[in-house]
Amino acid sequence: MPFYEHVFLTRQDISAQQVEGLVQEFRAIIEGRGGTIGKTEYWGLRSLTFRIKKNRKAHFSLMNLDAPPDAVAELERQMRLSTDVIRFLTVKVDEHEQTPSAMMRRADRDDRGDRGDRGDRGDRGDRDGRRGPRRDRDRDRDFGAREPQAAIEVPEGAADTREDA
């Protein structure tokens, strides 16, 4: 049977336990049609880049499927009918990863470390005048008082065609 990675997003206002219940429903659909689910990962409630169906956040979940294509088609049909699922994506893969997914590995990393460290790139050092001298802002700007503009007189009874009137 082919291997699939299936990621789905659920609404922000349901709980993590309800997401787990949805995973169990989807597991029953796959297993009822002769497939198996290898690993499932709950990636948590995460912010979306743009709003999807009025949701700014969504619960992300991953399932590794080993199922026939008709089981995957039925799973996707059920997800389209569910009001809790806002997006899903199924990708056919050659084999499943046995290690945690990239999203789970990201959480295991050190908390971003020292962001000021330039690592092996070293200090910037002197730029040998390539950048040029720093400009003096007070010198470049004209802070003098503006001269008032002369008022334009319009003869009485004439139509005023100025744009600012």
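In the predicted model, helix 1 passes helix 2 in a right-handed crossing, a crossing being right-handed if the near helix is turned clockwise from the far one by less than a right angle, and left-handed if anticlockwise. Helices (H or I, at least four residues) and strands (E, at least two) are DSSP runs numbered from the N terminus. The axes of helix 1 (residues 16-32) and helix 2 (residues 69-81) come within 9 Å and cross at roughly 150°; axes are lines fitted to C-alpha atoms, for helices over the stretch in contact, and angles run from 0 to 180 degrees between N-to-C directions. Helix 1 is therefore roughly antiparallel to helix 2 (under 35 degrees counts as roughly parallel, over 145 as roughly antiparallel, 65 to 115 as roughly perpendicular and the rest as oblique). Phe26, Ile29 and Ile30 of helix 1 meet Ala71, Val72, Glu74, Leu75, Gln78 and Met79 of helix 2, contact meaning heavy atoms within 4.5 Å.

This is a predicted model, in which local features need pLDDT of at least 70 and side-chain atom pairs count only at pLDDT 80 or more, while totals for chains, interfaces and linings use all residues. Residues are numbered from 1 along each chain as its sequence is written, and side-chain values use heavy atoms, with hydrogens and water left out.

An open sheet is formed by 4 strands in the order 2-3-1-4, with antiparallel pairing; two strands pair if DSSP finds at least two bridges between them. Strand 2 and strand 4 (85-93) stand at the edges with a single partner strand each, so one side of each has no neighbour in the sheet. Neighbouring strands are turned by 20° against each other on average, direction ignored. Strand 2 (residues 36-52) and strand 3 (residues 55-66) are joined by 10 bridges, and in their hairpin, with 2 residues between the strands, Lys53 takes a positive phi near 50°. Strand 1 is joined to strand 3 by 8 bridges, and Thr10 stands opposite His59 in strand 3.

Helix 1 packs on the sheet, touching strand 1, strand 2, strand 3 and strand 4, and its direction makes about 130° with that of strand 2. Helix 2 lies across strand 1, strand 3 and strand 4, running at about 165° to strand 4.

A search of the whole structure finds 1 aromatic pair. The ring centres of Phe8 and Phe26 are 5.4 Å apart and the planes stand at 90°, so the pair is edge-to-face (rings of Phe, Tyr and Trp, the last by its six-membered ring, pair if their centres lie within 6.5 Å; planes under 30 degrees apart count as stacked, over 60 as edge-to-face and the rest as tilted).
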